Amino acid sequence: MIYPAPAIRRAFYGLLDNGAVQYNSNPVEVSEGEGEILPYQIIIEELQFLEDDTKHSFSGRVTQPVEVVTRNTGRFRSDIVDEIVNSVLALIIPNPGVSALNVTGFQVGKVNINIIPLKEESASKEKINRRIIEFNFFINQNS
Amino acid sequence: MASTSNSVTGNVLGLWISTNLTVPAWKEIVCGTDIGLDGSKDVTTTRTKCGVIKSAGDTSWTITGSGVANHTPLTGEVSADELIAVMQGTTDVLVRYQDDTTPANMYRGGQGIMTAYSENAGTDDPVVFDFTIELNGALTIVVPV
């Protein structure tokens, strides 16, 4: 069995990074871990993997959280975070039942999403809005 | 007391069938998940004035298997398509499951006919299949020589 996290992360970077997601014509940067102090960003968080093998194939279920974080002054702006969320969803799941995820070395099943309620925080004079999208899917390692 | 290290775990068992009854050409079911064995007897209960008399018929055995469909099984393997061909046929097959490393540790086999086959294709899941083979004779528990 190959730990699928690196290949999955690369697949998400491939679809979301390099200006693929934009807000107000500005590219939304993609990072991992704590992220950066930016007006808007996408953070690919640590995934959960539950192995579910057959006797002849390596496979399992993946939950890959992707967090969209926006910072703005003034009032909380859920509209900004959700516009970016929609851009992310359109890139990962462009059509019903079909994902654009190309995970090298693995077959990817139908990708389902779970959108976590918005978290709002205040830091100094900034409002921070966080929305996590959990992508859930089955993967099967190519033999 | 017997050693627990001598127990047999399901992951070491392979399920195999052969459509050639004369010279077995065993092929393994891929990608296998579960294997089952069920034995039963028809019991007739007669209430007499001397008491209840129970009589049992011959033992009937079924071997069941489950797996995830594989569209390109390797040589020496079978999956959903080949099992459907067996299901649509009317001839017997040989079936066995065994500890693939040391068959003597566990061996179950016999000759029978496939009487049930089903597939399930859930939206989020790989296509899975289940089948049942009813043996038409005794169950063999010793590796044939």
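Analyst: Here is a walk through the sheet first, then the rest. This is a predicted model, so to speak in its own terms: local features need pLDDT of at least 70, side-chain atom pairs count only at pLDDT 80 or more, and totals for chains, interfaces and linings use all residues. Residues are numbered from 1 along each chain as its sequence is written, chains are lettered from A and ligands numbered from 1 in the order in which they are written, and side-chain values use heavy atoms, with hydrogens and water left out.

Now the sheet. In chain B, 8 strands make an open sheet with mixed pairing, running β3-β4-β8-β7-β6-β1-β2-β5. Its edges are β3 (32–48) and β5 (77–78) of chain B, each pairing on one side only. Helix α1 (residues 80–88) of chain B packs on this sheet and touches β1 (13–18), β2 (27–29), β5, β6 (93–99), β7 (107–120) and β8 (128–135) of chain B. The direction of α1(B) makes about 105° with that of β7(B). For the terms: helices (H or I, at least four residues) and strands (E, at least two) are DSSP runs numbered from the N terminus, and two strands pair if DSSP finds at least two bridges between them. Contact means heavy atoms within 4.5 Å, while axes are lines fitted to C-alpha atoms, for helices over the stretch in contact, with angles from 0 to 180 degrees between N-to-C directions.

B:Gln98 is buried at 7% relative accessible area (buried is under 20%, exposed over 50%, partly exposed in between, with a 1.4 Å probe and protein chains only). Beyond its neighbours within four places in sequence, B:Gln98 is in contact with B:Val12, B:Leu13, B:Gly14, B:Trp16, B:Pro103, B:Met106 and B:Tyr107.

The loop between β2 and β3 of chain B holds B:Cys31, and the peptide bond from B:Val30 to B:Cys31 is cis, with omega near -15°. B:Cys31 is buried, at 7%, whereas B:Cys50 is exposed, at 81%. Over all chains the search finds 0 disulfides, a disulfide being a pair of cysteine sulfur atoms within 2.5 Å.

On to the cores. A nonpolar core is a set of buried Ala, Val, Leu, Ile, Met, Phe, Trp, Tyr and Cys residues joined through side-chain atoms within 4.5 Å. The largest one has 32 residues, and those with the most contacts inside it are A:Phe12, A:Leu16, A:Ile42, A:Ile84, A:Val88 and A:Phe135. At least two residues each come from α1 (5–16), β4 (40–44), β6 (59–73), α2 (78–92) and β10 (126–141) of chain A, with α2(A) giving the most, 7 residues. A:Ile42 has contacts beyond four places in sequence that include A:Leu16, A:Val66, A:Ile84 and A:Val88. Apart from that core lies another of 20 residues, among them B:Leu15, B:Ile17, B:Met114 and B:Phe129.

Next, charges. The count is 8 salt bridges over all chains, where a salt bridge is a side-chain nitrogen of Lys or Arg within 4 Å of a carboxyl oxygen of Asp or Glu. A:Arg9 and A:Glu32 meet at 3.4 Å, N to O. A:Arg9 is in helix α1 of chain A and A:Glu32 in strand β3 (residues 29–32) of chain A, so this pair ties together parts 23 residues apart in sequence. A:Glu126 and A:Arg71 come to 3.0 Å between their closest N and O atoms. Those two lie in β10 and β6 of chain A, so parts 55 residues apart in sequence are tied together. A:Glu126 is partly exposed at 27%, while A:Arg71 is buried at 18%.

B:Asp124 and A:Lys110 also form a salt bridge, 3.8 Å from N to O. B:Asp124 is in the loop between β7 and β8 of chain B and A:Lys110 in the loop between β7 (106–108) and β8 (112–115) of chain A, so the pair joins two chains.

Finally, the backbone of chain A. A:Asn24, which is not a glycine, has a positive phi of about 55°, and A:Ser25 has one near 65°. The loop between β1 (22–23) and β2 (26–27) of chain A contains A:Asn24, which is exposed at 58%. A:Ser25 is exposed too, at 63%.
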